[in-house]
Amino acid sequence: MDFALNPTLDAHDTRILAELQADARLTMAELGRRVHLSQPAVTERVKKLEAAGVISGYRATVNLTRLGYGIRAIIRVGRADYDRVVALVQETPECINAYNVTGEDSWILEIAVIDVSHLDAVVTKFCILTETATSIILNPAREHLPMLPPQRADVKPPIRKVLNA
């Protein structure tokens with residue numbers, strides 16, 4: 001089967017993904033040492049993971065507070081014209097992530113703003129389109145964790161016998 005269409009990841013690939021998600025600046029030599037492969041072998045595997053789209057890019061994670069954004073918030077946007085929302089998201093640099101979703105809301109937006117008046121200005125842009133609801137993020141409990149291939153769901157745990165007393 002073509003790796004690019006249906007990648008079969010082994011233990012080395014999984015370790016490579018974990019290491020690169022923890023530190024994408026690793027040299028291929030250091031990555032090879034960490035996953036117990038030669039530098040040429042690990043380079044070839046990384047290239048295959050990139051070609052298959054498993055690795056879709058490399059980026060720096062920045063601390064938004066240190067950049068001057070004092071508030072992060074979630075805006076839930078109701079039903080509105082898809083193209084208008086997409087256009088508004090594209091022209092709103094404060095929008096970090098935007099998701100078109102199912103359910104009561106049509107969109108979930110994550111934004112970063114300087115202060116409450118900045119928050120009001122950004123939210124107002126979306127209120128013009130439709131109803132919105134905004135929640136300020138107080139403390140993120142989980143962010144930027146490495147993702148590895150899912151475990152097979154069809155493997156059943158061993159059956160344990162239960163003794164009746």
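Is Pro146 buried, partly exposed or exposed, and what is its relative accessible area? In this predicted model, Pro146 has a relative accessible area of 40% and is therefore classed as partly exposed, since the partly exposed class lies between the 20% limit for buried residues and the 50% limit for exposed ones. The residue is found in the segment that follows strand S4 (132–136).

The protein contains 6 helices and 4 strands. Read from the N terminus, these elements follow the order α-α-α-α-β-α-β-β-α-β. Among contacts with a separation of 6 or more, 64% are made by residues 24 or more positions apart. Of the 165 residues, 25% count as buried. The accessible surface amounts to about 12,100 Å², and carbon and sulfur atoms contribute 54% of this area.

In soluble globular proteins, nonpolar side chains tend to be buried together. In the present model, the largest nonpolar core comprises 17 residues, and Ile75, Leu109, Ile111 and Phe126 have the most contacts inside it. Two or more residues of this core are supplied by each of strand S1 (71–77), helix H5 (82–90), strand S3 (107–113) and helix H6 (116–127). A second, separate core has 10 residues, including Ile16, Leu20, Val35 and Ile55.

Cys127, by contrast, is partly exposed, with a relative accessible area of 39%. A search of the whole structure for disulfides returned 0.

Asp13 is located in helix H1 (residues 11–22). With a relative accessibility of 5%, Asp13 counts as buried, because the class covers values under 20%. When residues up to four places away in sequence are not counted, Asp13 touches Thr8, Arg45 and Leu49.

Terms used: Residues are numbered from 1 along each chain as its sequence is written. This is a predicted model: local features need pLDDT of at least 70, side-chain atom pairs count only at pLDDT 80 or more; totals for chains, interfaces and linings use all residues. Side-chain values use heavy atoms; hydrogens and water are left out. Buried means under 20% relative accessible area, exposed over 50%, partly exposed in between (1.4 Å probe, protein chains only). Contact means heavy atoms within 4.5 Å. Accessible areas come from the Shrake-Rupley method with a 1.4 Å probe; for residues, only the protein chains shown count as cover. A disulfide is a pair of cysteine sulfur atoms within 2.5 Å. A nonpolar core is a set of buried Ala, Val, Leu, Ile, Met, Phe, Trp, Tyr and Cys residues joined through side-chain atoms within 4.5 Å.
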